[in-house]
Amino acid sequence: MARRLAPEVNAGSMADIAFLLLIFFLVTTTIETDVGISRKLPPLLEKPPQDIHIKERNLFRVEINKDNQLLVEEQMMDVKGLKEAAVAFLDNGGAGVSSCTYCMGNRDHNLSDSPEKAVISLVNDRETSYEMYIAVQNELLAAYTSLRNREARRKYGISYEEMLTLYKEASDSNNKGQLKAQLTAIRAMYPEKLSEAEPVKQ
């Protein structure tokens with residue numbers, strides 16, 4: 001009497017199906033990339049200067065407390081007004097013989113002497129939210145960009161941001177060198193001096 005064989009499932013193609021599914025998910029899945037603020041740290045000094053004296057009028061104090069409230073020069077301020085206040089401080093132009101020649105500010109005696117001497121000091125609390133921190137950083141960077149755009153248009157007929165885009169896309173070394181020199185000149189007019197202290201617990 002012949003023995004009956006147990007039925008078998010043909011699993012030969014399962015490996016191929018699993019491989020195809022793996023490729024499908026690899027191709028269709030998008031991986032989120034972190035978006036942050038581009039910062040270049042200053043070079044490490046062998047001997048840090050001992051006495052750094054900054055005139056009070058050249059220091060723009062920005063603080064964010066644990067409740068995400070913004071204090072600018074010890075006055076409460078909405079984030080929307082921060083850019084304008086920073087522009088007024090940076091572009092003040094000082095007063096006197098050594099005043100800034102290209103600045104268009106009010107030459108207030110309580111604000112900065114020149115953009116080269118102006119420093120923005122940012123202090124956060126450890127409990128400050130990330131969203132508030134980024135919003136404040138964006139407004140401060142927007143103030144610098146706004147002033148750089150204005151000067152780039154005045155000197156070269158094109159905004160600073162457009163120059164940056166052209167520089168990244170330029171393939172001709174002569175054109176790239178010229179753009180780099182122009183970008184450096186604009187940055188020197190409004191150098192980004194943003195001092196960020198270690199977060200504190202208030």
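**Close-up views of a predicted model**

**View 1. A hairpin turn with a positive phi.** Between strands β1 and β2 lies a hairpin with 5 residues between the strands, and here Asn68 has a positive phi near 65 degrees. Strands (E, at least two residues) and helices (H or I, at least four) are DSSP runs, numbered from the N terminus. This is a predicted model, where local features need pLDDT of at least 70, side-chain atom pairs count only at pLDDT 80 or more, and totals for chains, interfaces and linings use all residues. Residues are numbered from 1 along each chain as its sequence is written, and side-chain values use heavy atoms, leaving out hydrogens and water.

**View 2. Strand β1 and its partners.** Strands pair if DSSP finds at least two bridges between them. Antiparallel to β1 runs β2 (residues 70–72), joined by 3 bridges, and Val62 stands opposite Val72 of β2. With β4 (residues 119–124), β1 (residues 59–64) runs parallel, and 6 bridges join the two. Look for Arg61, whose bridge partner in β4 is Ser121.

**View 3. Helix α3 and the glycine after it.** The 27 residues of α3 (residues 130–156) should span 39 Å at 1.5 Å a residue, and the end C-alpha atoms, 37 Å apart, agree with this. That expected span is 1.5 Å times one less than the number of residues. Gly157 follows α3, with a positive phi near 75 degrees.

**View 4. Ile17 in helix α1.** Helix α1 covers residues 14–28 and includes Ile17. Ile17 counts as partly exposed because its relative accessibility is 43%, where buried means under 20%, exposed over 50%, and partly exposed in between (1.4 Å probe, protein chains only).
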